[in-house]
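Subject: Structure handover

Hi,

Here is the structure we talked about. My notes on it follow below.

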Amino acid sequence: MDTSSYNLCSTFSKDGLARIIQGTNQQNIDCLASKYQQKLQQQVSQTLGHSTVDGVQSADDYQRLAQFLASVNELGTEFTKKAAHIAMEQTAKSLWQTLVFGLFDQQMLERVERWMFTSISCMVKILQEDKWTADVEAGVDTTIVAKLQQHHETGTPVILTPFTAGDRQLQLGDDIDIQLFANDVCNSSSENISGFINHFAHGCQALSLMQALKYTTNAVTNAIGRVVHTMVHAQANQWETPVFEILQNIVGRAAATIDVFLHPDPGFGNHQTISHIANQQLLKEFSSLRTNELFSIIIDYPLSTFAIHDLRLCVNHLGILRQVARSLRLAVESRLLHPGATTNDVLLQYISSIRCLRLLDPTNTVLEIVAKPVRKYLRQRDDTVLCIVQDMVAEQDSELFEDLAAGAPIVDNDPEGVLYDEEYTDRLWEPLPVEAKTIYQTAQRRDADVLSLLVSIYDSKDVFVLEFERHLAQKLLACTQYDVAREIRQVEMMKLRFGSRALEKSEVMLKDLAESKRTDQHVIEVSEQRQWTMPLHSIVVSKQFWPSQQQTDKEPLTMPREMREVQEKYAGVYESIKPARKLVWRDTLGCVKLRIELADRTINIGVTPMQAAVLMAFEGRQKIELNELAELLECPEEAVVAKLRFWISQGVLREPVSGTFEPVERRHPDDDKADDDDGSREMEHIDDPEDADDDAANGATAATATRTDALRMHFNYIVGMLTNIGPLPLDRIHSMLGMFIPGDTTTLDELRSFLSLMVREDRLELSGGLYKLK
């Protein structure tokens with residue numbers, strides 16, 4: 001018996017015996033794995049069977065998942081010990097990892113993500129509200145406190161570091177989980193807060209010990225991303241204070257604390273810590289938010305300066321300067337460069353863009369990418385130079401007046417379109433990107449002020465000088481007291497920026513005013529000696545140095561006899577003083593102060609010479625036909641109609657029959673007295689005070705009605721504009737009416753009211769600030 005047994009064993013080799021033993025062990029380990037797989041399923045049913053995936057509903061649900069993770073970790077320890085007696089330790093651990101992998105299905109991963117999201121949200125709230133007190137710390141496990149203290153001593157900003165006042169004032173979002181669960185935790189006792197921290201720490205440690213982080217990486221990362229998203233988007237449209245560094249501090253400390261709890265294994269997230277992942281997500285979320293808001297941030301500049309600085313921090317970290325530039329350029333093209341935006345709106349946004357984008361990117365690369373379509377669009381608009389010059393010389397509410405008053409002389413672009421800055425000495429200098437050196441024009445002019453950049457839209461600065469000369473001529477011709485102190489100051493500032501040679505004509509124009517003042521005083525003295533009444537004051541201009549008044553050439557006019565006689569007397573005295581010169585009167589320029597005496601009222605008003613000539617033609621007449629008046633003044637009927645409508649709007653004339661006009665000597669009780677828009681007219685010597693009170697009470701209605709009647713004659717012009725050009729904004733319609741109807745005095749408010757009436761009458765449609773035909 002013994003011999004046979006020995007012989008049986010001797011028939012097997014060592015490898016054969018090993019295979020028999022391995023087969024037996026494999027069966028045993030499979031049975032053990034199957035048994036523990038059932039235990040895991042039972043644990044899932046018992047622990048998580050009553051909780052939902054949609055969200056943490058109560059503290060019990062929160063604790064239940066933490067307890068489940070701890071229970072799974074205990075089962076893992078138990079399985080590994082038993083399996084080690086059957087198979088190799090490494091085999092046992094690998095088999096347990098397989099069981100854990102099967103445990104974390106999609107539903108379980110959603111639970112872990114929701115649990116982690118709520119935990120991080122609560123941690124942030126605990127940090128913000130300074131709930132980590134001595135009582136709370138006393139209730140936290142000593143091992144957890146010891147680990148936090150160890151990281152705190154090494155300089156890692158964890159939960160032990162107190163928040164600043166600015167951190168506590170920051171709004172962290174209104175997510176429902178934070179409101180319901182986090183508020184319950186933070187508003188509860190110190191014992192409950194300690195319990196939450198213990199459950200969170202133990203749950204994180206269980207994930208780490210069971211080596212489940214490699215399966216839950218996405219869940220943890222998504223949870224952190226949701227918290228960061230909630231915190232960042234709570235700062236939307238909050239530009240008055242810096243918020244990025246505060247957010248970075250809050251997120252960094254919360255993430256560092258979670259790092260301590262998790263102890264990520266070397267394979268987690270490709271060796272990226274929770275702190276690194278959270279910081280990258282914060283940079284991306286915050287830069288995305290501010291990039292989308294950048295157009296509005298520029299509108300609110302300088303109130304939004306802090307938002308620009310915050311965005312610059314993100315851009316420098318991520319290197320997304322060109323992406324930001326392209327996004328802003330698309331926003332500018334869709335929201336600004338369209339007919340609904342006035343030229344002043346486009347210029348204001350461009351000026352703010354220059355100042356904002358220089359803060360964001362000192363190399364001017366972003367500015368060049370964004371400015372290119374804006375500059376091209378401004379160059380295509382007819383009134384760009386006019387708007388720039390008007391803002392440049394306006395001493396109040398001006399974006400450019402300071403630039404005009406202080407700055408280096410402006411030079412024209414060189415033939416290659418690039419202006420090099422050889423004396424740039426800014427200590428905050430940063431090198432230009434490679435592409436900026438060969439492509440962009442003003443990137444090489446980082447010291448150029450806003451006015452210089454606006455002038456560089458055009459190839460030559462001469463267009464601005466010419467427009468300034470036209471502006472100066474209008475101001476000087478409207479000057480009735482020869483007071484030109486403001487205009488002298490403007491010319492001197494223009495000389496500093498555009499050069500003395502370019503402003504030679506402007507200096508001659510000022511000298512003409514000074515000479516006209518002296519000459520006028522002499523003429524008045526001679527007239528008094530001859531006992532003449534001289535109500536005329538003149539501005540004598542040097543024709544070759546003043547801009548041509550093209551509009552006046554379209555309005556030929558024969559002045560009334562009384563006005564011609566005064567002109568002849570004035571010219572006679574002037575030619576006696578200056579025999580070598582002869583006056584040529586420009587009857588359509590200047591201002592006439594009239595005193596209109598009617599049966600029941602007296603009106604003092606300042607008007608143009610042509611408006612005065614039209615009214616003076618009614619002296620001694622009861623009514624005049626339109627063609628008769630045009631023939632009398634030797635003026636086109638179209639020009640006469642505009643002046644007649646002016647007097648109708650003032651309540652001085654009326655049109656009882658089409659084409660026939662007559663003075664309004666006495667107003668009907670239902671009539672209203674017209675208001676003068678520019679404040680130059682006065683009502684005096686009203687015979688009956690009671691009538692005056694009635695007229696004042698009913699004034700607006702009749703004035704509005706007469707203006708509306710006058711504007712109805714212009715409606716055909718408006719229809720023609722909208723038919724040929726398409727939808728137009730209010731200011732473009734107003735400016736084009738001035739071109740089509742010389743001498744038109746319609747104000748923007750009057751035109752707006754009339755167009756609103758046309759909309760109500762269903763003849764026009766207003767959409768997006770643009771008027772179009774129905």
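Of the chain's 774 residues, 47% count as buried. Buried means under 20% relative accessible area, exposed over 50%, and partly exposed in between (1.4 Å probe, protein chains only). This is a predicted model: local features need pLDDT of at least 70, side-chain atom pairs count only at pLDDT 80 or more, and totals for chains, interfaces and linings use all residues. Residues are numbered from 1 along each chain as its sequence is written, and side-chain values use heavy atoms, with hydrogens and water left out.

The secondary structure comes to 34 helices and eight strands. Helices (H or I, at least four residues) and strands (E, at least two) are DSSP runs, numbered from the N terminus. Among contacts with a separation of 6 or more, 73% are between residues 24 or more positions apart. Contact means heavy atoms within 4.5 Å.

**Cavities**

The structure holds four cavities of 30 Å³ or more. The search runs on a 1 Å grid over the protein atoms alone; a cavity is a set of points where a 1.4 Å probe fits but cannot get out, and lining residues have an atom within 4 Å of a point. Grid points are joined across faces, edges and corners, and a volume is the space filled by probe spheres set on the points.

The second largest cavity has a volume of about 70 Å³. Four helices each supply at least two residues of its lining: α5 (106-128), α11 (213-233), α12 (244-262) and α13 (274-299). Lining residues include Ile120, Val124, Met231, Val251, Ile258 and Ala278. The lining divides into 12 nonpolar, no polar and no charged residues. Here Ala, Val, Leu, Ile, Met, Phe, Trp, Tyr, Cys and Pro count as nonpolar, Asp, Glu, Lys and Arg as charged, and the others, Gly among them, as polar.

Ile224 and Val228 are also in that lining. Gln281 is found in helix α13. Gln281 is buried, at a relative accessible area of 17%.

**Helix packing**

The axes of α27 (residues 609-616) and α29 (residues 637-649) come within 9 Å and cross at roughly 80°. Axes are lines fitted to C-alpha atoms, for helices over the stretch in contact, and angles run from 0 to 180 degrees between N-to-C directions. The two helices are therefore roughly perpendicular to each other. The cut-offs: under 35 degrees is roughly parallel, over 145 roughly antiparallel, 65 to 115 roughly perpendicular, and the rest oblique. Met610, Gln611, Val614 and Leu615 in α27 meet residues of α29 including Lys643, Phe646 and Trp647. The contact residues divide into eight nonpolar, one polar and one charged.

Leu360 is found in helix α16 (residues 343-360). Leu360 counts as buried, at 2% relative accessibility. Not counting residues up to four places away in sequence, Leu360 touches Leu294, Ile308, Leu311, Arg312, Val315 and Val324. Its C-alpha atom is separated by 9.1 Å from that of Asp310, 50 residues apart along the chain.

**Backbone geometry**

Most residues other than glycine have a negative phi, and most peptide bonds are trans.

- The Tyr301 to Pro302 peptide bond is cis, with omega near 10°. Pro302 is in the loop between α13 and α14 (305-318).
- Asn237 has a positive phi of about 65°. Asn237 is in the loop between α11 and α12.
- Tyr482 has a positive phi, near 60°. Tyr482 is in the loop between α22 (462-477) and α23 (485-498), and counts as buried at 13% relative accessibility.

Best wishes

Terms used. 1 Å grid on protein atoms, 1.4 Å probe; cavity = no way out; pocket = protein on both sides within 12 Å on 5 of 7 lines; lining within 4 Å.
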